[in-house]
Amino acid sequence: MPTPPLAALPIRRLTFRDLPACADLSEDRGWPREEHKWGLLLSAGKGYGIDGPDGGLASACVVTEYGSQEQPALGAIGMVLVAERHARQGVGRRLMHHVLSVMDSTPLTLYATPNGRPLYEELGFKVTGRAEMLRGHFVPGPDGSVAGISTRSATAEDLPALLRLDEEVFGADRTHIITRLPAFADQLRVAEEDGRIIGYAAAWPNMDTHVVGPLIARDTPTATALLASLAARTDRPLRTDIDVRHEELLAWVKDHGLESITFNTVMTCGITEPPGDWTRRFAPVTVAAG
């Protein structure tokens, strides 16, 4: 039988059973397999893919919705990948058009690589910011403390307060992500003052690193205290993506051993900028989930 053209191949919803194929697709494009991250995205978000005529996935992406199920306040698009053997044939564009159609009037956001940005601009996305990816072994300060801010491991009793703080800062309800953090992350810590939670952060395993995200904090000193407390409890290199407007935190992490790897462009469609309070939103759970 003749091989059907890529334009004729159906787009389908991905499920958790597609996790190995998604990891294979990442590896095909020279990315780490990141099965742990794919697992979170496929369970908390909606995956879309095109099966290649020769096996495996020709293309895939994930949309993570926030807010109410009936009318999401925001959709974050991530992990937009096309297999190398099907590159430059319009497959990624077709998949993105499908996602835009499915999401209808829901505002959208994504972190674009330099290679992906032209396609997203063609589809109507506008640049609203940048994030700097950093990686390295954290080197603690000489006194071993940061700003005198108290941090501790989060407990089940903290969850209602974390959800309230997160929605206030992120600008939309993401209960389905936050409630997965205790199982997804190796560490989940809170910063508090006078018994009130003023920030929280997680460190989750990704290949040979621990990714710091989300990082939500009242101010930069609180963010540094949380980050240092996570670093003190791992031997792995840290990786994180920090909003470039947080210049003080960026300078601090570079002074403590992390190095700049690359920049990603924050883009939105249907809104002029992401919702919430950026001054307290230092790093995302993962750029793939907004």
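## Pockets, a cavity and cores

Let's start with what lines the largest pocket: 19 nonpolar, 11 polar and 8 charged residues. Keep in mind that this is a predicted model.

How much space lies in the largest pocket? It comes to about 1100 Å³. There are 38 residues in its lining, and those closest to the centre of the pocket are Trp31, Val80, Leu81, Thr113 and Asn115. Several elements give two or more residues to this lining: the strands β4 (72-82), β5 (108-112), β6 (126-136) and β12 (259-269), along with the helices α3 (91-103) and α4 (117-122). Strand β4 has the largest share, with 6 residues.

Which strands supply at least two residues each to the lining of the largest cavity? They are β10 (209-217) and β11 (238-243), and β11 gives the most, with 3 residues.

Here are the two spaces next to each other:

| Space | Volume | Lining by class | Top contributor |
|---|---|---|---|
| Largest pocket | about 1100 Å³ | 19 nonpolar, 11 polar, 8 charged residues | β4, 6 residues |

Next up are the nonpolar cores. The largest one has 39 residues, and the members that touch the most others are Trp38, Leu42, Tyr66, Leu181 and Tyr200. Helix α2 (residues 35-44) gives the most to this core, with 5 residues. Take Leu181 as an example: leaving out residues up to four places away in sequence, Leu181 touches Leu188, Tyr200, Ala202 and Pro214. Another core, of 26 residues, lies apart from the largest one, and Ala203, Leu227, Leu230 and Ala283 are among its members.

Finally, zoom out to the whole chain. Its secondary structure comes to 9 helices and 13 strands. The radius of gyration is 19 Å, close to the 19 Å that the globule rule gives for 290 residues, so the chain is as compact as a globular protein of that length. Along the principal axes, the C-alpha atoms fill a box of roughly 70 × 35 × 35 Å. Of the 290 residues, 52% count as buried. And if you look at contacts between residues at least 6 apart in sequence, 72% join residues at least 24 apart.

How values were computed
Residues are numbered from 1 along each chain as its sequence is written. This is a predicted model: local features need pLDDT of at least 70, side-chain atom pairs count only at pLDDT 80 or more; totals for chains, interfaces and linings use all residues. Side-chain values use heavy atoms; hydrogens and water are left out. Helices (H or I, at least four residues) and strands (E, at least two) are DSSP runs, numbered from the N terminus. A nonpolar core is a set of buried Ala, Val, Leu, Ile, Met, Phe, Trp, Tyr and Cys residues joined through side-chain atoms within 4.5 Å. Buried means under 20% relative accessible area, exposed over 50%, partly exposed in between (1.4 Å probe, protein chains only). Contact means heavy atoms within 4.5 Å. On a 1 Å grid over the protein atoms alone, a cavity is a set of points where a 1.4 Å probe fits but cannot get out, and a pocket is an open set with protein on both sides within 12 Å along at least five of seven lines; lining residues have an atom within 4 Å of a point. Grid points are joined across faces, edges and corners, and a volume is the space filled by probe spheres set on the points. Ala, Val, Leu, Ile, Met, Phe, Trp, Tyr, Cys and Pro count as nonpolar, Asp, Glu, Lys and Arg as charged, and the others, Gly among them, as polar. The radius of gyration is taken over C-alpha atoms; the globule rule is 2.2 Å times the number of residues to the power 0.38.
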